[in-house]
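Opening the notebook on this one. I'll jot down what I look up as I go.

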Amino acid sequence: MAANARNQVTGAHPLTGSPRPSPAGEDLVDGTPWRPEEHSPAAAAPGAPGTNGQADTALVPTPAAATAPVPVPLPDTAAPLDTPQPLRSHGCWYPSVDPSGRYVAFICDRSGVPQLWTGPVDGDEVHLLDSDPHPVKEVAWSPDGRWIAYTTAPGGGEHTRVLCVRPDGTGRRILAGAEPGSSAYLGCWQHDGTAVAVTVAEPVRMPGAAEGEEGVAPTGPGLADPDTYTAPRPPGWATRDGRAVLLGGPHHGEAGPGSGRDTRDPEDRGDTGPPGAHERDGETARERTSGGGLAAYLVDPLGVAAPTLLAVERGAATLRVCDISRDGRLALLRRGPRGRREALVVRTGDLRTTFALHVADGDPWIGRFSPDGTTLWLRSDAAREFAALFAVRLDAEGAALGWSVAAERADCGLELLALGHDGYTAALAWNVRGATELEVTAVSPTSAGEARVGPSRTVSLPHEVVTRIPRVGGRAELVLALSGSQRRPGVWWFPDGTGRRTAWSSRDEDAVPPGRPPVRPVPLRPVARDGLPLSGWYYRAPDRGAGEPAPCVIHLHGGPEEQERPVFNPLYHELLGRGLDVFAPDVRGSSGHGRSFVDADLGTGRFAAIEDVAACAAHVVVSGLADPRRLAVMGRSYGGYLVMASLVWHPDLFRTGVAACGMSDFATFYAGTEPWIAESAAHKYGHPEHDRELLHALSPMTRVDALRVPVLTVHGEHDTNVPLGESEQFVRAARERGLRAELLLLRDEGHDFLRADSRRIFRRTAADWLQRHIAE
């Protein structure tokens, strides 16, 4: 370990709510030195929409909205700011563009913490709008330009809250999530900018219930429908969506008994929509009951109007308001656990669900209404291998008249969908073997319910992956958040069809420290032991001979539905700089390769996913890339679980492992995680009661006696997604068996390591550990 190993490994990390100065001369990779002057309040952005300076009034709840979130005013952040010049080691992401197309609100970590900034698309003067040290996770500029709403994670933990601020830094307030123990995140804005949708995770009391009395909460229209995923079933069965069996055997692509879902052919059922689509006429939120969960509201930032309840989801898996029709009659919601997402059309007047359709996992912004509210554009993989663009025709009441597939590709899925303000210009981002192909096209419905798309224009991208499309059309034409193997995350705009990097995004040549060129990965195509084709990206350390087998780290992503993409990863470059190669595969369960591949790890298929790790290691050895005597395995979240599982299932394959935020025992994981995490996880891993035996067999702690090598675990102290105890018990068990095992505890972090200092300590501690065990 390094000289400061005590601080690193014992968990005495120096972060205490604000970043601290970096050591002099430190090689910065994904953060910048702490500068006190960067945290003075922000100045007004020239030309940005402002305010008259009058104090906004806090919302006084009416009896009908007594359980709704109450805005909490905060000190303004509008004061002179010595704005720092762009530094080479920062990233900019999650942009949102103002109505004029001139300014962008975005997240940037140039101060060491992801915070809210604004800047012009064609200038370099940027402004910090919230100097609090709480990491920012989402941003949305209101359609009228008066507000910027954003989500923060106080203390870096898993609980979040939604705030809003004027573009000049005044009027800052918490809209939801201020109550202890609650959590909130952003939905869409109303098209007139008068209210923003928020989702809160807390018990919901019926309006009119006595103070202190929980009462009965309304369950949102069609939410927690027992016919979809909460139906009783025989022991050992937990169906996913009518296409795949979660548990009960190794077979995939069929429904399990007792699933509660009608799996007959759609024509036999008389459906007018695609498989997975259904209407719930005659059913309203007030006709269903629940004890709480996630509640979605429309909230007026000024507090003039009382919050409006849109929906509640029992079981608290996910719930997001994605769009509201321009006349305010209809809302588009996404809900459901992983692998069981649904799009719902809800009438705001009576909270009646008029249409529901299975939609793909991934980006939560699943679609938009046309300007006249007669067409719903959706990104969905209903009854399909890959997600496509669906056009759903709606009647005056919001019910579906018909549907069609407006745009599709046979061998890849639609990953991002964005529509311009005119409602007839769409940007479609296709995930092609991990990289993005982007096209801008015209979309329009016809009276027969069919949709016309095209002609389309292909956009030439300067980097491999588009992560967000905040604007299509208007003055800026197209604004994109991009990432790639040669660059930091940044924001680009395309005023004349040619991409231009915003001046406040990092330059490509500054992606890594001088003297260390970025490494472009090459694709590999391993084959699993049962013949399933796999894939991944191999990073070769600089200056290594072509025929020289290298010490190699197999790095496993989280999810498991995430996908390894050719994007810049400071961790990989840290390892490459130590002379270690990196192979980052997509084992079964990863996204980007079709629904069958995602479903291939369900139930007993998870044993095969563990075998995939060994197959990937064998592939790089047989290919002559890696030295079989110097292999290590590393991963975070689900990848951390796979690390522990691989070490105990294949004890002689790897010389060491690094597991970050991984589950070591499914029983203790379910007992300690957040309720909504458990609800969603049950449909991926198995039910903690019904599938107890399988989960016990899949838990690394069950086989920990087989562990033979040293292990480093890493965890955020505020992680309530995968509790800290999951790492602690694995380390304790390893030490009891005489093995070297250590735990790096990161202060003021949760499941995701958001602060630059934390990421740097994690990266360097892990690299030190791996270098010691496989490079020497």
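My element labels come from DSSP runs, helices being H or I of at least four residues and strands E of at least two, numbered from the N terminus. This is a predicted model, and I take local features at pLDDT of at least 70, side-chain atom pairs at pLDDT 80 or more, and totals for chains, interfaces and linings from all residues. Residues count from 1 along each chain as its sequence is written, and side-chain values use heavy atoms, with hydrogens and water left out.

**Tyr539**

I started with Tyr539, which sits in strand β33 (residues 535–539). Buried or exposed? Tyr539 is buried, at a relative accessible area of 1%. For that I use under 20% relative accessible area as buried, over 50% as exposed and anything in between as partly exposed, with a 1.4 Å probe and protein chains only.

Next I listed what Tyr539 touches, taking contact as heavy atoms within 4.5 Å. Leaving out residues up to four places away in sequence, I got Val519, Pro521, Arg565, Pro566, Val567, Tyr572, Leu576, Asp581 and Val582. I also checked Arg520: it is 19 residues from Tyr539 in sequence, and their C-alphas are 6.9 Å apart.

**A four-strand sheet**

I then traced an open sheet ordered β28-β29-β30-β31, with antiparallel pairing. Its edge strands, each pairing on one side only, are β28 (465–472) and β31 (500–501). Two strands pair here if DSSP finds at least two bridges between them. β30 (residues 487–493) and β31 have two, in the antiparallel sense. Across from Trp492 I found Arg501 of β31.

**Helix α6**

Helix α6 (residues 638–649) has twelve residues and spans 16 Å from first to last C-alpha, close to the expected 16 Å. That expectation is 1.5 Å times one less than the number of residues. How many of its residues are buried? Twelve of the twelve in α6 are, including Tyr641, Met644 and Trp649.

**Largest pocket**

Last, I looked at the largest pocket, which holds about 980 Å³ of space. On a 1 Å grid over the protein atoms alone, a pocket is an open set of points with protein on both sides within 12 Å along at least five of seven lines, and lining residues have an atom within 4 Å of a point. I noted 37 lining residues, with Ser96, Trp141, Arg368, Leu419 and Pro470 nearest the centre. They divide into 19 nonpolar, ten polar and eight charged. Strand β28 turned up again: it gives the largest share of the lining, six residues.

Methods:
1 Å grid on protein atoms, 1.4 Å probe; cavity = no way out; pocket = protein on both sides within 12 Å on 5 of 7 lines; lining within 4 Å. Points joined across faces, edges and corners; volume = space filled by probe spheres on them. Nonpolar A, V, L, I, M, F, W, Y, C, P; charged D, E, K, R; others polar.
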